[in-house]
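Please look over the sequence and the model below before reading on. The notes after them are meant for someone meeting this structure for the first time.

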2 protein chains.
Amino acid sequence: MSEPDDRRLAWAYLSTLAQGASRSLSAAIAERGVLDVAESVRAGRYGGELASRLAARAHLDTAASDLARVARAGGRLVTPDDDEWPAWQLLAFDTLGTATDTDGPPIALWVWGERRLDELTERSVGIVGTRAASGYGEHVTTEIASDLASDGWTVISGAAFGVDAAAHRAVLGVGGATVAVLACGVDRAYPAAHARLLQRIAETGLVISEYPPGTTPARYRFLARNRVIAALSAGIVVVEAGWRSGARNTAAWARRLSRPVGAVPGPVTSAASQGCHRMIREGEARLVGTARDVLEECGPLLGCEDDRDALFRRDLDGLSGDMTAVYEALPASGVCEPAAVAESAGVPVDRVRAALPLLELEGLVLPTDEGWRRA
Amino acid sequence: MSEPDDRRLAWAYLSTLAQGASRSLSAAIAERGVLDVAESVRAGRYGGELASRLAARAHLDTAASDLARVARAGGRLVTPDDDEWPAWQLLAFDTLGTATDTDGPPIALWVWGERRLDELTERSVGIVGTRAASGYGEHVTTEIASDLASDGWTVISGAAFGVDAAAHRAVLGVGGATVAVLACGVDRAYPAAHARLLQRIAETGLVISEYPPGTTPARYRFLARNRVIAALSAGIVVVEAGWRSGARNTAAWARRLSRPVGAVPGPVTSAASQGCHRMIREGEARLVGTARDVLEECGPLLGCEDDRDALFRRDLDGLSGDMTAVYEALPASGVCEPAAVAESAGVPVDRVRAALPLLELEGLVLPTDEGWRRA
């Protein structure tokens, strides 16, 4: 690993200092360049909205050690300078109407794993949900995640118990790639029980975070993290969520960023589905049950029609009213003459005589010597 | 039972002849009277759209025997002449845009049971669903139906296996009243296994049909029957339904007739919930899980909720800021002088003096000798 250059050190310094997004800081960097802004901040000359927040830590330049630490863990810092920066997805933050200073794109992303971040997130769906997933929730998560992965989609999630873990495991199980977005440093296994899972994710996909190595998880970081999951995903699926749920926060971020949101229904008797039902009922999410439903929301692809209708189509569909009435008037077994059919069907006998041969053409009735019968 | 009079015989004759609805026949009856129309039809002089359909059966006048038969079964014919005719529910058919001749209100209804049809259907919810209900579906049906019945609502359904039967049984279990709408004559137990259930429904509620006694069930009669369930209900709940389901047809009728439709979600792995999920997903139904959700959809239509807040808001909508402020500054009861209103509203007194007469024009305030008060 070569020594980091000054620009990367400046990005690392500002990322660590900001501890999350700052729209004003991002705007300053875009206008004046990362080196100039970093220099201003170090010298206490930075006057942006973030100034007071930065001032307290401005003297703490851990950039070099943070970069060394993430490199030792097999990771790196990805910045807007890099080709792999997911610039296209993060543009969505520019469309936000009212937004606080922290409602912005990440300053930079700390990344563990060898895949390119832009390639991995190009076709991606976020799958999120409750830590207290039911067996049903884990089953549906597995179905949807593995189908999406088999179809070449990256799955993005957190790293929590329940739905998050089931989504990652399902994707790994079919040899797909996932991205885990953490609310702590990528060198910290959180939760600890998922250390091995995070290792496997990093081997085939990426573990990423806005926060520098060593950062501990905190509630506000989980909420900010949800914003990153939503931004990097083409759409969000909530598989199970309680009435009050972090997944609903991720879904709200997806809507703010103009991403479609799907929610999986479940038994109305299940507490783990109440949040999903609430979101569907309130129009915050569209009901989805399969990867196909998800892709109908998220995919600019898939010209494939819903063929379930064809599977269930019955022969009588598309018949005129007369023809249906005449067919129905024929007994299930045995034969019937047109006059009797006319009386039973309430259709004039001449129209019955016209309908019967058409029904024969449809393969629905057969003429016999004694009259007509169903085929 | 007294002898039927000529008018009832005429209704019975036309009901049996039409074998369902006919908008043109209903219109002719409304214009010329039932006796005159029946006479025209008998004489082959009827020229409406239904003429050819009626012609096949015009010679079959079974009115007297049909009325005798339904009377023997403990039933009667309810016609638009009768006080108990559910006229206001059936008005919804007048609002249909494009409609075929059979997309109309019933000509008359054959009824088994002693309750008044109008009273029983005044506050009613239709609960429908698949014959192949799961244990979950039967459980949720039971919960919703018994809660609605306990709250004084009539439940309307078919008489099929599965959701229909579970709904009736749940209501009977809590001493409520149900209406079963059949696709055959009310004297025929269909399905035969529900003979005892239908008997119990008739004892506390009603078993009704558009079709005269003796009529056998047929596919097109089930579809037409769904229309009657939808029309007599303030709203429809679909508990479980397969991908292609008669319940979806009932729901479609409810929407055509401007009734709210709710659908209960279930596991996405359950075939019995696919139709409900489809309807929710396509915006054909709102997700409901409890009787409370159902009443949130259906209740306001019947004024059973306290909707004074909504009415109040509507009244104030469109008022200028001054007018709203002035109105709200008036006490809920008692009078107030313009100077006091000005102080309370934070509006200059000359503008208060200008606003009060405008509010009077809106019917919101009244002048008195001592000042102004809310209307």
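What follows is a briefing on the domains, sheets, helices and chain contact.

This is a predicted model, in which local features need pLDDT of at least 70 and side-chain atom pairs count only at pLDDT 80 or more, while totals for chains, interfaces and linings use all residues. Residues are numbered from 1 along each chain as its sequence is written, and chains are lettered from A and ligands numbered from 1 in the order in which they are written. Helices (H or I, at least four residues) and strands (E, at least two) are DSSP runs, numbered from the N terminus.

**Domains of chain A**

- Chain A is assigned domain 1 (1-63), domain 2 (73-298) and domain 3 (321-374), with bounds that come from an automatic or database domain assignment.
- The centres of domain 1 and domain 3 of chain A, taken over C-alpha atoms, are separated by 84 Å.

**The sheet of chain A**

- In chain A, 9 strands form an open sheet with mixed pairing, in the order S1-S2-S6-S5-S4-S3-S7-S8-S9, where two strands pair if DSSP finds at least two bridges between them.
- S1 and S9 of chain A stand at the edges with a single partner strand each, so one side of each has no neighbour in the sheet.
- Helix H5 (residues 63-72) of chain A packs on the sheet by touching S1 and S2 of chain A, and its direction makes about 130° with that of S1(A); such axes are lines fitted to C-alpha atoms, for helices over the stretch in contact, and angles run from 0 to 180 degrees between N-to-C directions.
- Strand S1 (residues 75-78) of chain A runs antiparallel to S2(A), joined by 4 bridges, and A:Leu77 stands opposite A:Trp110 in S2(A).
- On strand S2 (residues 109-112) of chain A, A:Leu109 and A:Val111 point one way and A:Trp110 and A:Trp112 the other way, and all are buried, a residue being buried if 20 or more other C-beta atoms lie within 10 Å of its own, exposed if 12 or fewer, and partly exposed in between, with C-beta atoms placed from the backbone.
- In a regular strand the side chains alternate between the two faces of the sheet.
- S2(A) is also joined, by 3 bridges, to strand S6 (residues 206-209) of chain A in the antiparallel sense, and there A:Trp112 stands opposite A:Val207.
- S7(A) pairs with strand S8 (residues 261-263) of chain A in the parallel sense over 3 bridges, with A:Val237 opposite A:Gly262.

**A hairpin in chain A**

- Strand S10 (residues 365-368) and strand S11 (residues 371-374) of chain A pair in the antiparallel sense over 4 bridges, and a hairpin of 2 residues joins S10(A) to S11(A).
- A:Leu366 of this pair stands opposite A:Arg373 in S11(A).

- How far apart are the end C-alpha atoms of helix H8 (residues 135-150) of chain A? They are 22 Å apart, which agrees with the 22 Å that its 16 residues should span at 1.5 Å a residue, since the expected span is 1.5 Å times one less than the number of residues.
- The buried residues of H8(A), including A:Tyr136, A:Val140, A:Ile144 and A:Leu148, pack against strands S3 (124-128), S4 (154-157) and S7 (236-238) and helices H9 (163-173) and H14 (291-298) of chain A.
- H8(A) is followed by A:Gly152, whose phi is positive, near 90°.
- A:Arg256 is found in helix H12 (residues 246-256) of chain A, and this residue is partly exposed because 19 other C-beta atoms lie within 10 Å.

**Where chain A touches chain B**

- The contact takes 25 residues from chain A and 24 residues from chain B, two residues being in contact if their C-beta atoms, placed from the backbone, lie within 7 Å.
- Among the elements of chain A that each supply at least two residues to its side of the contact are H8, helix H13 (274-281) and helix H16 (321-329).
- That side of chain A has 14 nonpolar, 6 polar and 5 charged residues, where Ala, Val, Leu, Ile, Met, Phe, Trp, Tyr, Cys and Pro count as nonpolar, Asp, Glu, Lys and Arg as charged, and the others, Gly among them, as polar.

**The sheet of chain B**

- In chain B, 9 strands form an open sheet in the order S1-S2-S6-S5-S4-S3-S7-S8-S9, and the pairing is mixed.
- Strand S5 (residues 178-182) and strand S6 (residues 206-209) of chain B pair in the parallel sense over 4 bridges, and B:Val181 has B:Ile208 in S6(B) as its bridge partner.
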